[in-house]
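Take a walk through this structure with the sequence at hand.

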Amino acid sequence: MKLKNNLKNLRFNIFIYFLIFTVALIFIVWILQAVFFESNYKNVRYQTMRTYSDIIKQGIDFNGQVNESAVLTLKENGIDAIILTTPNPNSIGVLYPRPQYVTPQSQLYEIYSNILNNYMKEGVTSFSGEQSFTQNKTAMYNISRVEYKNDNAYLLLISDMQSLDEIAKVMRFQLIMTTLIVIVLSLFFSWLIAGRLSSPINEMSKVAKKWASGDENATFNEIGYTEITELAKTLNYAKTEKEKSQVLQRDLLANVSHDLKTPLTMIKAYAETIKDISGENKEKRTKHTEIIIDEADRLTSLVNDILNLSKLQAKVLPLEKTNFNLSKTVEDVLLKFEPILKNGGYVLVNKIQPNVMVNANEQKIEEVIHNLIGNAINYTGEDKIVKVYLSVKDGKASLEIIDSGKGIQSNKIDTIWEKYYRSSETHQRPIKGTGLGLSIVKAILLSHEIDFGVISKEGLGSNFYAVFDVVNNNKLDKELKV
Ligand code: ADP
């Protein structure tokens with residue numbers, strides 16, 4: 001099992017592939033060496049002979065002299081230059097480097113008379129080939145016609161093939177050395193590179209394990225290779241998103257229970273009113289039952305709404321805004337609080353400018369007003385005064401919900417909007433809160449980009465406000481016509 005795992009291991013695989021690549025490379029070099037070295041070497045050699053043959057021939061044609069420096073260069077390269085003549089078919093004379101006649105029995109005679117007779121026929125000016133002298137001695141040659149000192153002659157270049165064997169030996173030795181060095185180096189480097197590539201991945205899997213086991217501080221290291229950095233970034237992003245969604249789920253649960261409580265209180269209050277007071281009075285009973293139905297509807301839509309709100313906080317849902325009458329919405333919310341206000345002996349002061357049209361999500365704004373009025377009732381002072389104002393100035397509608405309570409300490413003004421924040425003091429409240437109301441208000445108003453805040457003076461009370469853009473009636477008419 002362990003061996004199987006090791007075989008799948010990234011480090012081991014990179015190592016193996018690297019090794020295979022190196023061996024393949026060396027194999028190709030060996031093949032090239034074995035198959036092509038000789039023919040390549042000969043081609044280069046023939047080319048050299050042809051080039052020098054032309055150079056020497058040009059010199060002879062020009063002034064009858066042999067270009068000595070060209071001959072010397074050739075000699076250094078293991079090529080001899082000889083000028084031969086055939087005064088008669090049975091003897092070959094060496095005109096250069098020193099005049100000397102070769103007897104018909106001599107080796108050179110045999111070989112070159114054969115070449116001359118076989119290949120240097122009419123019209124052929126030069127010829128290259130290989131010729132063996134004794135059993136293991138072979139030479140490459142290039143022969144071409146020249147006119148040397150008014151004589152019909154042949155320029156013969158002979159390359160000793162022995163040098164080829166030696167070069168081949170040296171090359172083979174070097175190749176063996178190179179192969180050994182390359183294999184050792186490739187073993188070392190492939191192991192090193194494989195380690196370097198796999199270690200950040202191993203590191204990541206360690207972090208992932210830590211994270212999975214509940215360590216929230218485990219972070220993926222965003223340094224190193226681009227791909228690894230990208231992966232680490234993605235994993236960190238996934239981690240933050242997962243954490244966000246966990247918080248979201250927690251909030252959701254708390255929000256749901258908080259927001260369900262208020263309508264339930266209302267339903268209970270109205271049901272009790274019907275039971276004790278308005279049961280016999282058909283008109284009142286119908287009105288109160290309608291409120292109960294309304295609240296039940298509100299409950300249903302609240303559940304949906306809270307789901308949406310949670311998404312809203314995560315900024316995944318677009319706000320569905322409509323133009324609606326804010327004045328009417330405020331009145332409706334106040335109507336729902338009527339029994340609590342009346343039964344609790346509250347003094348409601350409301351100055352609501354009629355028909356103020358705004359563009360927002362009506363349900364969510366209703367929730368804001370509901371929460372703010374609920375808080376004002378909860379936190380107002382002994383005089384039990386709750387003021388609700390809606391007024392328009394310079395195209396802006398200000399909604400103010402004012403109480404005469406203890407107010408909020410200036411160092412707590414920012415904290416009250418945070419989730420689960422609740423003042424430490426406990427006092428009797430008609431509506432029980434969970435410390436989520438203001439955070440919901442904040443999330444809704446922020447998502448609407450509506451300016452909001454609180455002005456509070458300790459001992460005097462608080463003024464929670466929100467400033468809406470008023471929808472111009474003319475503009476509205478036009479939009480409706482379109
Ligand atoms: P809850 O009212 O359920 O505790 P909220 O989020 O509505 O939760 O309010 C958070 C806190 O802000 C409250 O616990 C309270 O301390 C403070 N607060 C809210 N409204 C008022 C107000 N009108 N006057 C004074 N303090 C307030």
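What follows covers the sheet, a hairpin, the aromatic pairs and the salt bridges of a predicted model.

Start with the sheet. Strands of a sheet pair through backbone hydrogen bonds, either parallel or antiparallel. Here, five strands make an open sheet in the order β8-β10-β11-β13-β12, and the pairing is mixed. Which strands sit at the edges? They are β8 (347-352) and β12 (451-457), each pairing on one side only. From one strand to the next, the twist averages 10°.

Seven bridges join β12 to strand β13 (residues 461-469), and the two strands pair in the antiparallel sense. Opposite Lys457 stands Gly461 in β13. A helix also belongs in this picture. Helix α9 (residues 362-379) lies across β10 (385-393), β11 (396-403) and β13. The helix runs at about 30° to β11.

How enclosed is strand β6 (residues 151-160)? Seven of its 10 residues are buried, so β6 is largely enclosed by the rest of the structure.

Turn to the aromatic rings. A pair of aromatic rings is described by the distance of the centres and the angle of the planes. Searching the whole structure gives seven aromatic pairs. One of the rings to examine is Phe127, whose centre lies 6.3 Å from that of Tyr141. Their planes meet at 35°, so this pair is tilted. Tyr141 is buried, at 2%.

A second pair has another geometry. Trp211 and Phe220 sit edge-to-face, with 6.3 Å between centres and 90° between planes. Trp211 has 24% relative accessibility, so Trp211 counts as partly exposed. Phe220 is buried, with a relative accessible area of 4%. Elsewhere, Trp417, Phe452 and Phe464 come together in one aromatic cluster.

Rings also meet charges here. Arg11 lies over the face of Trp191, 4.2 Å from the ring centre. Lys384 places its charged end over the ring of Tyr346, at 4.8 Å from the centre.

That leads to pairs of charges. Side chains of opposite charge can pair when their charged atoms come close. How many salt bridges does a search of the whole structure find? There are eight. Take Lys75 and Asp80, whose side chains meet at 2.5 Å, N to O. Lys75 has 51% relative accessibility and counts as exposed, because the cut-off for exposed is over 50%. Asp80, at 34%, counts as partly exposed.

The next bridge lies within a helix. Asp332 and Lys328 form a salt bridge, their closest N and O atoms 3.3 Å apart. Why are they about one helical turn apart? Both lie in helix α8 (residues 326-343), and they are four residues apart, so about one helical turn separates them. Asp332 is partly exposed, with a relative accessible area of 31%. Lys328 is partly exposed too, with a relative accessible area of 49%.

Helix α8 also takes part in a bridge to helix α9. Glu366 forms a salt bridge with Lys336, and their closest N and O atoms are 3.0 Å apart. Glu366 is in helix α9 and Lys336 in helix α8, 30 residues apart, so the pair links distant parts of the chain.

End with a network. Salt bridges link Glu38, Lys42 and Glu130.

Note on methods: Residues are numbered from 1 along each chain as its sequence is written. This is a predicted model: local features need pLDDT of at least 70, side-chain atom pairs count only at pLDDT 80 or more; totals for chains, interfaces and linings use all residues. Side-chain values use heavy atoms; hydrogens and water are left out. Rings of Phe, Tyr and Trp (its six-membered ring) pair if their centres lie within 6.5 Å; planes under 30 degrees apart count as stacked, over 60 as edge-to-face and the rest as tilted. Buried means under 20% relative accessible area, exposed over 50%, partly exposed in between (1.4 Å probe, protein chains only). A charge sits over a ring if NZ of Lys or CZ of Arg is within 6 Å of the ring centre and within 35 degrees of the ring normal. Two strands pair if DSSP finds at least two bridges between them. Axes are lines fitted to C-alpha atoms, for helices over the stretch in contact, and angles run from 0 to 180 degrees between N-to-C directions. Contact means heavy atoms within 4.5 Å. A salt bridge is a side-chain nitrogen of Lys or Arg within 4 Å of a carboxyl oxygen of Asp or Glu.
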